[in-house]
Amino acid sequence: MIDKKLYEALVHFEENEEAQDYYYKSMEMLTGKTAKDGHEETLRDKILRVYAMLFCEDTPMENAPYANVDDVADTADRLYIGSVGYDSEHWYRMKHHFPVIDEDNFDRFAALVITDLNCGMLHDMAVNEGKTLVVGEASPLNMTREQRLNQKTSTVSLTGGDI
């Protein structure tokens with residue numbers, strides 16, 4: 001369910017209607033698990049549960065065990081790409097063009113993070129370069145103009161293989 005095709009759909013979401021369709025269809029797929037409240041868990045539920053488990057330990061978690069829009073928005077500014085240690089020039093949210101995390105995109109942002117960790121650029125960087133997604137201090141919005149202009153991001157070209 002969480003595979004390279006979903007990752008690619010998320011990366012190309014803004015520019016491709018087929019990617020959007022694939023994303024929406026995938027997020028409604030059932031995982032085969034039943035949640036504690038008795039509803040059948042969808043991939044969207046699973047992603048929000050995993051995101052909450054990994055990144056939301058200090059948020060209110062009003063929709064526990066699933067992250068809600070506030071939980072994702074509160075944590076999105078703290079995720080950056082780098083080696084272990086503080087590096088404010090590699091903010092994940094800004095690299096993937098999520099200037100605002102709101103009701104319209106919080107689950108898509110969470111899905112991008114989880115699929116990226118599973119089979120995307122972050123997975124490849126962890127295996128090949130020792131770089132990981134690190135939880136740092138907020139916020140890229142508080143970066144100076146100079147810091148923003150001097151941001152350095154690592155790009156990964158996905159070539160070959162079935163996507």
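In this predicted model, the second largest pocket has a volume of about 180 Å³. Its lining is formed by K33, T34, A35, K36, D37, E41, R49, P65 and Y66, and, when these residues are sorted by class, five are charged, three are nonpolar and one is polar.

The largest nonpolar core comprises 38 residues, of which Y51, V72, L79, Y92, F109, V113 and L133 touch the most other members. At least two residues of this core are supplied by each of the helices α1 (4-11), α2 (17-27), α3 (43-55), α4, α6 (106-119) and α7 (121-129), and likewise by the strand β3 (79-82). The greatest contribution comes from α6, which gives eight residues to the core.

Helix α4, which spans residues 69-76, has V69, D71, V72, T75 and A76 as its buried residues. These residues lie on the same side of α4, because the arc that they cover around the axis is only 165 degrees. One of them, V72, is also among the core members that touch the most others.

The side chain of R93 reaches the backbone oxygen of F98 at a distance of 2.6 Å.

Conventions
Residues numbered from 1 in each chain as written. Predicted model: local features only at pLDDT ≥ 70, side-chain atom pairs only at ≥ 80, totals over all residues. Heavy atoms only, no water. Buried < 20%, exposed > 50% of the residue type's maximum accessible area, 1.4 Å probe, protein only. Helix = DSSP H or I, 4+ residues; strand = E, 2+ residues; numbered from the N terminus. Arc of directions from axis to C-beta. 1 Å grid on protein atoms, 1.4 Å probe; cavity = no way out; pocket = protein on both sides within 12 Å on 5 of 7 lines; lining within 4 Å. Points joined across faces, edges and corners; volume = space filled by probe spheres on them. Nonpolar A, V, L, I, M, F, W, Y, C, P; charged D, E, K, R; others polar. Core = buried A, V, L, I, M, F, W, Y, C linked by side-chain atoms within 4.5 Å. Polar contact = N/O pair within 3.5 Å; in protein donor to acceptor, adjacent residues only side chain to side chain.
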